[in-house]
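Trainee: I would like to learn how to read a structure of this kind. Please take me through it one feature at a time.

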Amino acid sequence: QSGFSLVMNHPACVNEITLSLNNKNARTKALVLELLAAVCLVRGGHDIILAAFDNFKEVCGEKNRFEKLMEYFRNEDTNIDFMVS
């Protein structure tokens with residue numbers, strides 16, 4: 001709980017976690033999605049996640065928010081851990 005509070009109170013932490021979706025390891029991507037889902041469950045978390053994906057879009061040069069994430073779902077048909085997350 002205290003670790004989660006620290007993450008929520010750090011202005012760039014969720015952004016950095018979201019940028020970890022660029023990792024090639026499917027298990028890492030699955031863990032990142034689990035963490036982001038947990039953030040969505042707290043008050044104000046949805047807005048934090050949207051802002052983090054806006055940052056991801058800007059940093060990674062995406063045209064649309066969630067572009068990279070949707071690309072993973074289209075192309076990651078061999079790793080069930082990632083797809084379940």
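The dialogue below goes from the overall fold to the salt bridges.

Mentor: This is a predicted model, in which local features need pLDDT of at least 70 and side-chain atom pairs count only at pLDDT 80 or more, while totals for chains, interfaces and linings use all residues. Residues are numbered from 1 along each chain as its sequence is written, and side-chain values use heavy atoms, with hydrogens and water left out.

Trainee: How many helices and strands does the protein have?

Mentor: Helices (H or I, at least four residues) and strands (E, at least two) are DSSP runs, numbered from the N terminus. Here there are 6 helices and 0 strands, so the pattern along the sequence reads α-α-α-α-α-α.

Trainee: What share of the residues is buried?

Mentor: Buried means under 20% relative accessible area, exposed over 50%, and partly exposed in between (1.4 Å probe, protein chains only). Of the 85 residues, 27% are buried.

Trainee: How many salt bridges are there?

Mentor: A salt bridge is a side-chain nitrogen of Lys or Arg within 4 Å of a carboxyl oxygen of Asp or Glu. The count is 2. One joins Asp 54 and Arg 65, at 2.8 Å from N to O. Asp 54 belongs to helix α4 (residues 45-60) and Arg 65 to the loop between α4 and α5 (67-75), so the pair ties together parts 11 residues apart in sequence.
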